[in-house]
Amino acid sequence: MTLNKQLWISIVLIIFLNSGICFILIVDAIKDSLGEQLYLKNVDNANGLALVLTQSEKSVSNLELLIAAKFDSGHYSIIRLADEDDNDIVVLRGSEYETNVPSWFMRFGHFEVAPGVAQVSDGWSQFGTVHLESQAEYATEILWGKIKYFTLCVLILALVIGAIGSILLKIVLRPLDRIVYQANCFSDRRFITIETPWTSDFARVVEAMNSLANRFKALVLENNRRLEDTRYRNRHDPITGLPNINAFFSILESQMHSYQEYEANVFIMHSVKLMSGDFLSMPKDDQNVVMKQFAQWLSDYYVKKNSLYTECRMARINETDVAVLVSGCDQINYIRSNFLEALTASDIKTRGDVQLDVASAATYVRNNEASHELFDRLDDALYNATESDDESEFVIDGFQSSVSDDNLAQICSDFIDNVGSGSSIQFCDVKDAGDKKLFSLVSAEIRLNESDCGLEALTAFARRTNRLRHLDLALIRRAISALDISSGDVKLAVPLYASTFASVDSVKQIVDLLKSNSAYASRLLFDCRESAVTGRKDEFVHFVESVRPYGVKIGLSRVGESFSQITDVHELGLDYISIDNAFVHDVLNNPTNQAYLRGIADLAHSLGMKVYANGFIGADGEKLLFEIGFDGLAREKYKAL
C-alpha cells in the first residue's frame with residue numbers, strides 16, 4: 001500500500017473518530033438543552049394557565065372553556081385540572097403527533113420531561129392543581145432537523161477539507177515522487193542528484209542519496225581525470241592536441257584489420273604549406289602556432305560536417321600534415337567540395353604578411369589493403385596536390401567505392417520499404433571467457449534480393465539522403481522478426497545513430513514497437529556510438545528513460561577517445577560499453593593501452609556496466625583482456641541472420 005493511501009486512511013479514520021465523538025457530544029448537548037427548554041415551557045404555561053383560572057369563575061363549563069382555549073393554542077400532550085383530593089375536574093389529552101422523523105430516531109431522541117405544575121386558588125383558599133405537559137415529539141422533530149443540518153454541514157466541510165487536504169498532501173508528498181525517481185535512477189545505474197526538499201524527514205533521505213550520488217560522481221571524475229591523463233600523455237601531440245602518429249597508426253591498423261568489403265572508409269591527408277617558400281623554414285614557434293590554429297579549425301570543420309560521415313579520427317603525423325580517417329562516408333566528392341568551400345570562406349590561410357595554403361588528398365580504403373600500400377597511394381596523391389600550381393588543391397585518388405549509388409538507393413529503399421523482410425544480415429557473437437554466448441551484434445553486410453551491401457555504406461547513403469532514422473527503424477523491425485523465429489536465449493544488439501535517438505518521432509515509434517512486441521523487448525540491445533552520445537547527451541538520456549521500462553539494454557560502442565570526456569557518465573544509465581578496436585588491436589605490445597583499458601574496465605564495473613570488445617586479437621590477446629576485466633569479446637566470425 002502506498003504512503004499516500006496510508007495517510008489518507010489515517011486521516012479519514014481520524015476525521016471519522018473526531019466527527020463521531022463531536023456528533024455524540026453535540027447531540028447530547030442539544031437534547032439536554034431542548035429538554036430544559038421544554039420543562040421551562042411546561043412550568044411557564046402551567047403557571048400562566050393557573051393564574052387565568054384563579055381569576056375566573058369556577059364553574060366547570062367555564063374552566064373547560066378556558067383550558068380548551070389554552071390546549072388549542074399550543075402543542076400539549078395533556079392538561080389536567082385536579083381538585084385538592086387529586087380528582088380530575090378537567091382533563092384534555094392531545095392526539096398522536098404526526099411527524100416524518102424515523103421511528104428509530106423517535107426512540108433514540110425521546111424526551112422524558114417533567115410536567116409543569118401550578119396551584120389554582122379560589123379567593124384565599126386552594127381550589128386545585130394544574131398539570132401541563134407539552135408534546136415532546138415536536139422537540140424530537142426539532143432535534144432531528146438540527147442533526148440533519150449538522151450532518152450535512154459536516155459532510156460539506158469534510159469534502160472541502162478533503163479537497164484542500166488532497167492538494168496540501170500532494171504538495172507535502174511531491175518530494176517523495178522525486179525521491180522515488182532518484183531511487184529508480186540509481187537502480188538503472190544513473191546516479192543523479194535532486195533538490196533537497198523542505199520537509200525535514202524527506203530532506204534527510206535526499207541528502208543521504210545525494211551524498212551517495214556525489215561520491216559516485218567524484219569517483220567517476222577522478223577516474224576520468226586519471227584515464228584522460230594517461231591517454232593524453234601517450235597518444236596526443238602536445239602542440240595541436242590531436243592524436244599523434246603512433247595513436248593514429250593503431251587506429252588505422254585496427255580499422256583495416258576489421259575492415260569489411262562493403263564499408264565506406266575514406267583516408268584524407270591535409271598538408272599546410274606556404275604560398276611561396278618552405279613552411280619548415282619558418283621559426284619553430286610560428287610553425288607551432290600555425291599548426292595549432294589549423295588543427296583547431298580542421299576539428300571544428302569536421303564536427304560541423306558530421307552529417308557527411310559516421311565517425312571521424314584525426315591525427316598530426318608530422319610537422320605539416322594532419323591525417324583524417326572518416327568512416328561511413330561513401331562520397332569523397334562531398335568531402336572535397338565542402339572542404340574547399342569552408343577553406344575559401346575562412347581566414348585560416350592568412351597570418352600577417354605570410355600567405356598559407358592547404359594541399360589535400362583523399363582515397364577510399366581498399367579491401368585487404370596493407371597500411372603501407374594505402375599510405376603510398378595517398379602520398380602520391382598528396383605530392384600531386386602539393387606540387388600543383390592551383391591554390392588549395394584537393395586531389396582524389398582514382399579508386400572508387402565498390403557499391404554504386406544506384407545499387408545503394410535500390411537496397412536502401414527495398415530494405416526500408418519492406419522493413420527488412422526477405423533480407424539477410426550478418427552478425428557476430430559476443431562471448432565470455434567460458435565461450436558462452438552473451439548476445440549477437442548486428443554488423444557487417446546486408447544481403448537483399450541477391451544484392452550485397454556493407455552496413456556502413458548503406459548507413460552513409462541513408463545519412464546523405466536523410467533516411468538514416470528510417471533505416472534504423474527497419475533494422476529494429478528486422479531484428480524483432482529474427483527474434484520471433486529464434487530460440488528464447490538469443491539476444492540481438494542493434495546499432496542506433498544520433499539522428500534516431502535524438503528524434504522525438506523516432507523515439508515514439510521505437511516505444512510503440514517495444515509495446516507491441518513486449519515479449520522480445522528484453523532480448524533487444526541498442527548499441528549507440530560513443531561519438532554520437534558525446535554531442536547529444538540530453539537526447540540520449542531521454543531516449544534511455546523512454547525505452548528502459550520495457551527491459552531493453554543500452555550500450556555504447558566504439559568507446560575509447562571520448563569516454564573519459566563524457567560528463568556525468570554515471571547519469572546515462574548504461575548497461576554495457578564496447579571498446580573501440582583501436583585500443584584492443586595489438587594490446588599485447590602496448591602497455592599504455594593495457595593501463596587505459598584496465599582503468600576503463602574498473603570505472604565501468606564500479607557503475608554496474610559490462611565491458612566488451614570487438615576484434616580478433618588472438619588467444620593471448622583475448623586472455624589478457626579477460627584478465628584486465630573484460631566481460632566478453634566479439635571475435636568477428638560473422639553469421640547470417
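The model is predicted, so local features need pLDDT of at least 70 and side-chain atom pairs pLDDT 80 or more, while totals for chains, interfaces and linings use all residues. Residues are numbered from 1 along each chain as its sequence is written, and side-chain values use heavy atoms, without hydrogens and water.

Next, select residues 149-173, whose end C-alpha atoms lie 35 Å apart in a span that is 100% helix and 0% strand. An unreviewed UniProt entry places the feature "transmembrane region" at residues 6-27 and 149-173; positions follow the numbering used here, feature names are shortened, and annotations may be inferred rather than shown by experiment.

Now turn to the aromatic rings. The structure holds 14 aromatic pairs (rings of Phe, Tyr and Trp, the last by its six-membered ring, with centres within 6.5 Å; planes under 30 degrees apart are stacked, over 60 edge-to-face, the rest tilted). Select Phe294 and Trp297: their centres are 6.2 Å apart and their planes at 20 degrees, so the pair is stacked. Both residues lie in helix α7 (residues 284-304), three residues apart, and both are buried (under 20% relative accessible area; exposed is over 50%, partly exposed in between; 1.4 Å probe, protein chains only).

Then select Tyr301 and Phe339, an edge-to-face pair with 5.6 Å between centres and 80 degrees between planes. Tyr301 is in helix α7 and Phe339 in helix α8 (residues 332-345), 38 residues apart.

Terms used:
Helix = DSSP H or I, 4+ residues; strand = E, 2+ residues; numbered from the N terminus.
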